[in-house]
Amino acid sequence: MSDITRRGLLQGAAAFALSPVFAQDARPAWKVGGFTKALQDLSYEKTAQAAVDIGWDGIELPLRAKGHVLPERVEEDLPKMAEALKAKGQELLVLATDIKGADEPLTGKVLRAAAKAGVKLYRLG
């Protein structure tokens, strides 16, 4: 393991501070989101407002058994969550699913609904 010198640390910090991440006219290179398991007793609208209040850019949504959105109701409920988030300027960043394989009964339904809602990332079960 190499030691970090004070000069090296300051040079790295300066380079980071001058990077496009902090440019006033550029959007940050990454988005900050939170996992909504602790919020899943809230309505979709209140979840979206909580994300705004916390300062997130979007959420990671549990879409699984006992999740915020249930897999068997994905076609009805995922668009509602996506709309509630969009109305507050938030994004649906990631889905936390219990998908373990393509041969499961609801996999296709969940992934089609996710694609339709514009979700590009999901976690497997």
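**Entry 1: overall layout**

Which pattern does the protein chain follow when read along the sequence? I traced the chain and found α-β-α-β-α-β-α-β, and the secondary structure comes to 4 helices and 4 strands. Here helices (H or I, at least four residues) and strands (E, at least two) are DSSP runs, numbered from the N terminus.

I note that this is a predicted model, in which local features need pLDDT of at least 70 and side-chain atom pairs count only at pLDDT 80 or more, while totals for chains, interfaces and linings use all residues. Residues are numbered from 1 along each chain as its sequence is written, and side-chain values use heavy atoms, with hydrogens and water left out.

I looked up burial for the protein chain and noted that 34% of its 125 residues count as buried, where buried means under 20% relative accessible area, exposed over 50%, and partly exposed in between (1.4 Å probe, protein chains only). I then looked at contacts, meaning heavy atoms within 4.5 Å: among those between residues at least 6 apart in sequence, 69% join residues at least 24 apart.

I followed the strands next and found an open sheet of 4 strands in the order 1-2-3-4, with parallel pairing. Strand 1 (33-35) and strand 4 (122-123) stand at the edges with a single partner strand each, so one side of each has no neighbour in the sheet. Two strands pair if DSSP finds at least two bridges between them.

I went through the pairs in order. Strand 1 and strand 2 pair in the parallel sense over 3 bridges, with Gly 34 opposite Ile 59 in strand 2. Strand 2 is joined to strand 3 by 6 bridges, again running parallel, and there Pro 62 stands opposite Ala 96 in strand 3. Strand 3 (residues 91-97) and strand 4 also run parallel and are joined by 2 bridges, with Leu 95 opposite Tyr 122 in strand 4.

How many residues of strand 2 are buried? I found 6 of the 6, so strand 2 is largely enclosed by the rest of the structure. Gly 58, Glu 60 and Pro 62 point one way from strand 2, whereas Ile 59, Leu 61 and Leu 63 point the other way, and all are buried. Strand 3 is mostly covered as well, with 6 of its 7 residues buried.

**Entry 2: Glu 60**

I stopped at Glu 60, which has its place in strand 2 (residues 58-63) and counts as buried because its relative accessibility is 19%. Its side chain makes a polar contact with the side chain of Arg 123 at 2.5 Å. A polar contact is a pair of N or O atoms within 3.5 Å; within protein, one must be able to donate a hydrogen and the other to accept it, and residues adjacent in sequence count only if both atoms are side-chain atoms. Leaving aside neighbours within four places in sequence, I listed Gly 34, Phe 35, Thr 36, Val 94, Ala 96 and Arg 123 as the residues in contact with Glu 60.

Trp 56 lies in the loop between helix 2 and strand 2 and, at 18% relative accessibility, counts as buried. I noted that Trp 56 and Val 32 are 24 residues apart in sequence and 5.3 Å apart in space, C-alpha to C-alpha. Beyond the neighbours within four places in sequence, the residues in contact with Trp 56 include Val 32, Leu 39, Ala 51 and Gln 90.

Is Lys 66 buried or exposed? I found Lys 66 exposed, with a relative accessible area of 78%, in the loop between strand 2 and helix 3 (74-87). Phi of Lys 66 is near 65°, a positive value in a residue other than glycine.

**Entry 3: helix packing**

The axes of helix 2 (residues 44-54) and helix 3 come within 8 Å and cross at roughly 40°. Axes are lines fitted to C-alpha atoms, for helices over the stretch in contact, and angles run from 0 to 180 degrees between N-to-C directions. Helix 2 and helix 3 are therefore oblique to each other; angles under 35 degrees count as roughly parallel, over 145 as roughly antiparallel, 65 to 115 as roughly perpendicular and the rest as oblique. Among the residues making the contact are Tyr 44 and Ala 48 of helix 2, and Met 81 and Leu 85 of helix 3.

For helix 3 and helix 4 (residues 107-116), I noted axes that come within 10 Å and cross at roughly 25°, and the two helices are therefore roughly parallel to each other. Val 74, Glu 75 and Leu 78 of helix 3 make the contact with Lys 109, Val 110, Ala 113 and Ala 114 of helix 4.
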